[in-house]
Amino acid sequence: MIKGLIFDLDGVIVNTDTYHYEAWKSVANKYSIQIDKSINENLKGLSRRDSWNLIMEIGNIQLSDEETNIVLETKNNLYRKKLKNLSSDNLLLGVENFLQELNHKEFKLAIGSSSRNAKDILNYLNLSSYFDSIIDGSMVKKLKPSPDIFIKAAKNLGLKPIHCIVFEDSLSGVKAAKDGGFKVISVGNKELLDVADYHIDNFLDFKLDQYATVS
Ligand code: B16
Ligand code: MG
């Protein structure tokens, strides 16, 4: 029986995944590395550092630790600049009504995001109060594709993974949740259905009783 729902943030609650993509494209461009949408699918969900390591691998370059730290800071500054444009228009379709409905039905809700900016984004969009627990990239050692972030979220909700559903838009996140023993609903990219249990494009027509099909 499902008692808890754990949501990824970027690309599931809010479409900030496009801001990450634009910021990485611009940073990579300075090193003449081209990033396209299919490369970006593999960056989604990874930590800032792991994302850059993958980009360096693709571009076949290596930087000193000092230069790497500058790149990470530059990317985050670019990303945070874009966050200034955020509004409720950036929420995934139907997500706020869905969260309200879940709160009303007394499901336990958590965020499991790799982003160290997660809490700022949730506060900025006035969404924090929907969640009983918010786990971000600063709170676990191993980020996605390790299941630790979701395991910590479930623990904080006082629930076992088998009693939770994870919503994810990234391959690394779907794998993390499956490895942690969770049911997973992929959001957005239909190809993720190969690894997830169920798929939705957004939350607009998603009904609570559809849980039954995956639980
Ligand atoms: P930050 P999620 C992830 O958030 C993003 O998908 C990923 O693109 C980003 O690199 C990662 O957060 C770290 O974000 O640089 O803000 O700490 O999808 O797990 O909510
Ligand atoms: Mg995501």
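The chat below covers the sheet, the metal site and the helix packing.

Mentor: Before we start, this is a predicted model, in which local features need pLDDT of at least 70, side-chain atom pairs count only at pLDDT 80 or more, and totals for chains, interfaces and linings use all residues. Residues are numbered from 1 along each chain as its sequence is written, chains are lettered from A and ligands numbered from 1 in the order in which they are written, and side-chain values use heavy atoms, with hydrogens and water left out.

Trainee: What's the strand order in the open sheet?
Mentor: The order is β3-β2-β1-β4-β5-β6, with parallel pairing. Strands are DSSP runs of E with at least two residues, helices are runs of H or I with at least four, and both are numbered from the N terminus. Two strands pair if DSSP finds at least two bridges between them.

Trainee: And which are the edge strands?
Mentor: β3 (133-135) and β6 (198-200), each pairing on one side only.

Trainee: How many bridges join β1 to β2?
Mentor: There are 4 between β1 (residues 4-7) and β2 (residues 108-112). Gly 4, for one, has Lys 108 as its bridge partner in β2.

Trainee: What does helix α5 touch on the sheet?
Mentor: α5 (residues 95-104) touches β1, β2 and β4 (164-168), and its direction makes about 150° with that of β1. Contact means heavy atoms within 4.5 Å. Axes are lines fitted to C-alpha atoms, for helices over the stretch in contact, and angles run from 0 to 180 degrees between N-to-C directions.

Trainee: Switching topic: what coordinates the magnesium ion?
Mentor: Asp 8 (OD), Asp 10 (O) and Asp 169 (OD) coordinate ligand 2, at 2.1 to 2.2 Å. Donors are N, O and S atoms within 2.8 Å of the metal (3.2 Å for Na, K and Ca); water is not among the atoms, so sites may look incomplete.

Trainee: Where do Asp 8 and Asp 169 sit?
Mentor: Asp 8 is in the loop between β1 and α1 (17-29), and Asp 169 is in the loop between β4 and α8, 161 residues apart.

Trainee: Now the helices. At what angle do α3 and α4 pack?
Mentor: α3 (residues 48-59) and α4 (residues 65-83) pack at about 115°, with their axes 10 Å apart. That makes α3 roughly perpendicular to α4.

Trainee: And α1 with α3?
Mentor: Their angle is about 45°, with the axes 11 Å apart. That makes α1 oblique to α3. Angles under 35 degrees count as roughly parallel, over 145 as roughly antiparallel, 65 to 115 as roughly perpendicular and the rest as oblique.
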